[in-house]
Amino acid sequence: MEQAQAHPLRYTVEQYLALEEKSEIRHEYFQGEIMAMAGTTTDHNELCLNCAIELRQAAMKRGCRLFMENIQLAVNEGELYTYPDVMLTCHDEDVVAPRIMHPLLLIEVLSPSTAEHDRVWKLFRYQRITSLRHYVLVSQQYQAVEWYHRVEERGEWQRHLLTLPHEAVEIPELNTRLTLTDIYAGLKIPFVTDDKIS
């Protein structure tokens, strides 16, 4: 999701959570600073929707829950709270919690203003979430997906760049896969291999 301007004040976690309950605009929080989340593009919205639609049935069969954009993730309780574009959890505690704390999969649709932030800053912090197995970055510029996945519990992370229609994010925990064809369905976003520059 795109970020707007940072607020100059510093907030306690309690002040931040109280603000989020009343605010129509969502904010990310990191160590006392909050960042308002800006609006999204139509492509951004459709990419999120395509991912969620493809994952929903598999998630329900496994008793997992799938969320989009406005559901808060506690990356590190008391320090960092974000709103991933698409989030999947299969943890029992997340069923009744006010925010998600044990995601299995996170998807962020990249925007020009947030791509490096999502690719580096968030990746570094998301990889510390012990339940997380998949972090997926979806390009709006080209049909290209960066898929980071943990090989085994507490194991090393691997990165795959997917650029062909049949290539897929494999999610064995749900016994399903998310192909580039699924992700970019209905959108006129060029392939990386197209002989033109967007």
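Trainee: Which two strands form a hairpin with 4 residues between them?
Mentor: Strands here are DSSP E runs of at least two residues and helices are H or I runs of at least four, numbered from the N terminus. The hairpin is made by β12 and β13, and N175 in its turn has a positive phi of about 55°. Two strands pair if DSSP finds at least two bridges between them; β12 and β13 (residues 176-179) have 4, in the antiparallel sense.

Trainee: Before we go on, how far can I trust the model?
Mentor: It's a predicted model, where local features need pLDDT of at least 70, side-chain atom pairs count only at pLDDT 80 or more, and totals for chains, interfaces and linings use all residues. Residues are numbered from 1 along each chain as its sequence is written, and side-chain values use heavy atoms, leaving out hydrogens and water. pLDDT is the predictor's confidence in each residue, from 0 to 100. The chain's mean is 89, with 92% of residues at 70 or more.

Trainee: Which residues of helix α1 are buried?
Mentor: An α-helix has 3.6 residues a turn, so residues three or four places apart point the same way. Buried means under 20% relative accessible area, exposed over 50%, and partly exposed in between (1.4 Å probe, protein chains only). In α1 (residues 13-22), V13, Y16, L17 and E20 are buried. They sit on the same side because they cover an arc of only 95° around the axis, taken from the directions from the helix axis to the C-beta atoms. The face turned away from them carries exposed E14, E21 and K22. The cover over the buried residues includes β2, β3 and β6.

Trainee: Which residues touch the most other members of the largest nonpolar core?
Mentor: In soluble globular proteins, nonpolar side chains tend to be buried together. A nonpolar core is a set of buried Ala, Val, Leu, Ile, Met, Phe, Trp, Tyr and Cys residues joined through side-chain atoms within 4.5 Å. Here the largest has 29 residues, and I107, V138 and V145 touch the most other members. Elements supplying at least two residues each include β8, β9 and β10, while α2 gives the most, 7. A second, separate core of 17 residues includes V75, L106, A115 and I129.

Trainee: Where is P84 placed?
Mentor: P84 lies in the loop between β6 and β7, and P84 is buried at 1% relative accessible area.

Technical notes
Contact = heavy atoms within 4.5 Å.
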